Amino acid sequence: FFERYALFYNRLKSIEENEGGLDKFSKSYKTFGVNQFVDGGVYCKEWAPGAEAVFLTGDFNGWNPFSHPYKKMEYGKWELFIPPGQDGYSPVPHGSKLKVVIRAQNGELLYRISPWARYVVRDQDKVNYDWVHWNPPQSYIRKHRSPERLKSLRIYESHVGIASPEGKIASYKNFTYNVLPRIKDLGYNCVQLMAIMEHAYYASFGYQVTSFFAASSRYGTPDDLKEMIDVAHSMGITVLLDVVHSHASKNSEDGLNKFDGTDSCFFHSGPKGTHQLWDSRLFDYSNWEVLRFLLSNLRMWIEDYGFDGFRFDGVTSMLYHHHGIGTGFSGDYNEYFGLHVDEDALCYLMLANHMVNFLHPECITIAEDVSGMPALCRPVAEGGGGFDYRLAMAIPDKWIQIIKELKDEDWNMGNIVYTLTNRRYEEKCIAYAESHDQALVGDKTLAFRLMDAEMYTNMSVLSPLTPVIDRGIQLHKMIRLITHALGGDSYLNFMGNEFGHPEWLDFPRKGNNESYHYARRQFNLTDDHLLRYRFLNAFDRDMNKSEERFGWLASPPAFVSEKHESNKVIAFERAGLLFIFNFHPYQSYTDYRVDINSLTIFLKYKILLDSDASEYGGHQRLDHNTEYFSEEYPHNYRHNSLMV
C-alpha cells in the first residue's frame with residue numbers, strides 16, 4: 001500500500017509541476033476539441049501524435065478538407081484558431097457538421113470525429129455517427145442544487161432507452177416526467193444511469209463507448225439530459241453516471257480507435273491493447289494525454305451536466321494485466337499484489353477518486369470489482385483506491401445458485417448469512433439481489449427463476465393463487481428484504497425488478513429481427529390492480545420507506561443472533577430493529593423465542609413490516625395489533641428475549 005501511494009504521489013506531483021496542478025489538468029475539456037470563444041472565434045485543439053497533418057472541415061467551409069490546417073505543437077498536440085466572421089458571429093454555426101481530417105504517416109486521409117466531441121448523431125440512412133457542433137444560443141440553466149451527500153444510498157439502476165412500455169427507444173423527456181416520479185414514490189434516493197456516454201451499438205448496453213464526452217443523442221439533446229438531472233435534484237434524488245473507462249469501442253470511423261492512423265493513440269499497441277473477450281480497445285493509463293482525457297471526462301460530466309458521482313464499470317479488467325479472464329479469486333492476498341496487477345490503471349483510479357473528492361467532495365464513486373481487491377474503498381492517503389463503495393457481486397450469484405440448484409428444504413441458513421455479511425470491515429458495499437446482468441437475455445431475473453412460465457397465466461388476482469406463484473411472490477419479497485437489511489451499506493435495484501418484471505431484457509439486433517419487444521419496461525403492469533405485480537411493487541416501496549425512516553444502511557453491521565438450519569430461521573438486529581425471516585417451505589411457528597441485545601426488560605415491540613401482509617400479496621396470518629414484550633429469559637447466550 002505504501003508503494004501504491006508513492007506511485008500515486010509521484011504521478012500527482014508530476015502533474016502539478018508540468019501542468020500547474022490537477023485542477024488545471026482536468027479542466028482540459030474546455031480547451032480540447034472545438035470550443036467557442038466569447039468574442040465569436042473558435043479555438044480547436046487535438047492530440048494526434050501519429051499524424052503528419054491535421055485539418056478541420058465541415059459545413060462551415062463547404063467540406064474543403066485542407067482550408068483550415070492545424071498548427072503542430074509540442075508532444076503531439078495540434079491547434080487551430082478560426083476568427084469570428086465579419087458580422088462578429090461564430091464561423092462554425094450551432095448544429096453544423098464537422099470532421100477532423102488526419103493525414104496519416106502513410107499519406108492516407110482519415111475523416112474522424114474529435115475524441116472531445118460533445119454531440120454526435122446518426123441519420124437513419126447511415127451506419128456511422130456524425131459530429132455536430134453543439135453551441136446553442138441559450139443552453140439549459142440549472143435551477144436546483146445537488147442533494148446533500150447521502151448517508152443511506154438506495155440506488156435505482158436505470159436505462160433511459162428502455163424506460164417505457166412502448167416498443168421503441170424512450171427519451172430523456174419520458175424519463176424526466178414519467179419515470180422519476182415513480183422512482184421517488186418507490187423510496188429510492190439515487191438513480192444510476194447506464195448507457196449515457198455515446199455508443200454506436202445500442203445492443204452493447206452502453207458498454208462499447210464511441211464518444212466519451214457526448215451524451216447519447218438517441219434519447220434527445222444534451223439540454224434534455226441536463227433538465228432530467230435538474231428535475232431529479234429537485235426531488236432530492238442523487239444522480240450517478242455509469243462511466244466506462246475500462247475499455248473503448250473498436251470503431252474508428254466514429255470512435256477513438258486509430259484516431260491518428262496508429263493503433264497506439266490512447267491505447268496500448270498490439271495485442272496488449274485489445275480485450276480478448278470484449279473485442280474492444282484498452283487504454284494506456286501510463287500515457288500523460290490519456291490521463292488528461294479520462295480525468296477531464298469525469299470532470300465534464302460533473303460540472304457541465306450536474307452528475308453527482310460515478311459507478312466505474314469493469315474495474316476488475318483495469319486492475320490486472322490478465323483482466324480477470326480465466327482467473328478465479330479466492331481472497332488469497334497473493335492474488336492482489338504482484339506483477340500481474342496493472343499499477344498504471346490502479347494509479348489512474350486513485351487519481352480519479354482523489355480529483356473527484358478534492359474538487360467535488362459531495363460526489364460519490366462506486367467500483368464494480370468482482371475480485372475483491374483489498375483497500376479499494378479506503379482513502380488514497382492509506383494507499384487505497386479511494387472509492388466510496390464497491391458492489392457486493394457475490395450476493396446475486398448466491399441467490400441464483402440457491403434457487404437454481406437447491407430444494408427449499410435444503411437452503412443453508414448459515415451459508416446465506418455468510419454471503420450477505422462477508423465483507424471487509426470499513427469498506428462499504430452495495431448489496432443487491434439482482435442487477436441488469438441477471439435481466440439480460442441468456443439469464444433470468446429472480447422472479448422469472450421463481451415463477452417462470454406461470455407468470456404468463458397466473459399473475460391475475462382473478463386466477464387461483466397457485467403454489468408456484470405463491471412461493472415466488474413470498475420469496476421475492478424475503479430475498480430483497482434480507483439483502484437490503486443484512487447485505488451491505490447501500491442497496492441497488494435494476495428498474496422493473498422491484499415488481500418482478502416478466503421475461504428478460506434483449507436489445508434490437510439481427511438475432512431477434514431488430515425487435516424492441518424485450519427492450520422495454522412494462523411499468524403499466526403495476527398500475528393494473530387486477531395483477532399481482534402491484535403487491536411486489538408496494539412491498540419494495542414500503543421496504544425503502546422503512547429504511548428511510550430508520551436508516552439501517554447507515555448503521556453499523558447487523559448482529560446475527562440466529563441462523564437455525566432445521567427451523568430455517570434467520571434473526572438479526574440492526575438500527576434498533578429486529579429482523580426475523582422464516583425460510584421454511586411449510587412450517588410456521590408460534591411462541592418462537594428470539595434473543596435481543598437490550599439489557600432493559602419489558603421492552604415493547606410491534607410489527608413494522610410484514611411480507612405476509614395482504615397488501616403485499618401475503619396471507620395476513622399475523623395480527624399487527626399484537627404487542628410483543630421482552631423478558632429476562634436467557635436465550636442464545638444473551639440475557640433477554642421475547643416470543644413471537
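Predicted model: local features only at pLDDT ≥ 70, side-chain atom pairs only at ≥ 80, totals over all residues.
Glu-368 is placed in the loop between strand S18, residues 364-367, and strand S19, residues 389-391. At 13% relative accessibility, Glu-368 counts as buried. If we set aside its neighbours within four places in sequence, Glu-368 is in contact with Arg-311, Phe-312, Asp-313, Gly-314, Val-315, Thr-316, Leu-391 and Met-393.

One of those contacts, Asp-313, deserves attention alongside Glu-368. In an unreviewed entry, UniProt places the feature "active site" at Asp-313 and Glu-368.

Asp-313 itself is found in the loop that runs between strand S17, residues 309-312, and helix H6, residues 315-319. Is Asp-313 buried or exposed? With a relative accessible area of 9%, Asp-313 is buried. Again leaving aside neighbours within four places in sequence, Asp-313 is in contact with Tyr-207, Asp-242, Val-243, Val-244, Ser-246, Met-318 and Glu-368.

The loop between H6 and helix H7, residues 343-359, contains Gly-328. Gly-328 has a relative accessible area of 56% and is exposed. Along the chain, Gly-328 and Ser-371 are 43 residues apart, and their C-alpha atoms are separated by 7.9 Å.

I turn now to the aromatic residues. How many aromatic pairs does the structure hold? There are 44 aromatic pairs. Phe-539 and Tyr-616 form one that is edge-to-face, with 5.2 Å from centre to centre and 80° between the planes. This pair links distant parts of the chain, 77 residues apart: Phe-539 belongs to helix H14, residues 533-550, while Tyr-616 is in the loop between strand S26, residues 604-605, and strand S27, residues 628-629. Both partners lie under the 20% limit for a buried residue, since Phe-539 has a relative accessibility of 2% and Tyr-616 has one of 5%.

Trp-552 and Phe-579 also form an edge-to-face pair, 5.3 Å centre to centre with 90° between the planes. Here too the pair links distant parts of the chain, 27 residues apart, with Trp-552 in the loop between H14 and strand S22, residues 559-564, and Phe-579 in strand S24, residues 577-582. Trp-552 and Phe-579 are both buried.

Elsewhere, one aromatic cluster is formed by Phe-32, Trp-47, Trp-116, Phe-212, Phe-213, Phe-266, Phe-267, Phe-283, Tyr-285, Phe-293 and Tyr-348.

Lys-226 lies over the face of Tyr-305, at 5.3 Å from the ring centre. Over the ring of Tyr-336 sits the charged end of Arg-424, 5.8 Å from the centre of that ring.

I return to the loop between S26 and S27, which also holds Ile-607. Ile-607 counts as partly exposed, at 24% relative accessibility. Leaving aside neighbours within four places in sequence, Ile-607 is in contact with Leu-622, Asp-623, His-624 and Tyr-628. From Ile-607 to Gly-414 the separation is 193 residues in sequence and 25 Å in space, C-alpha to C-alpha.

Next, the cysteines. How many disulfides does a search of the whole structure find? The search finds zero. Cys-44 is in no disulfide, and the nearest cysteine sulfur, in Cys-265, is 17 Å away. Cys-44 is also buried, with a relative accessible area of 0%.

A disulfide would require the two sulfur atoms to be within 2.5 Å. Cys-190 is likewise buried, with a relative accessible area of 0%.

Finally, the division of the chain. Domain 1 covers 32-143, and domain 2 covers 559-643. The C-alpha centres of domain 1 and domain 2 lie 66 Å apart.

Notes:
Residues numbered from 1 in each chain as written. Heavy atoms only, no water. Buried < 20%, exposed > 50% of the residue type's maximum accessible area, 1.4 Å probe, protein only. Domains from an automatic or database assignment. UniProt positions renumbered as here; feature names shortened; annotations may be inferred. Helix = DSSP H or I, 4+ residues; strand = E, 2+ residues; numbered from the N terminus. Contact = heavy atoms within 4.5 Å. Phe/Tyr/Trp six-rings, centres within 6.5 Å; stacked < 30°, edge-to-face > 60°. Lys NZ or Arg CZ within 6 Å of the ring centre and 35° of its normal.
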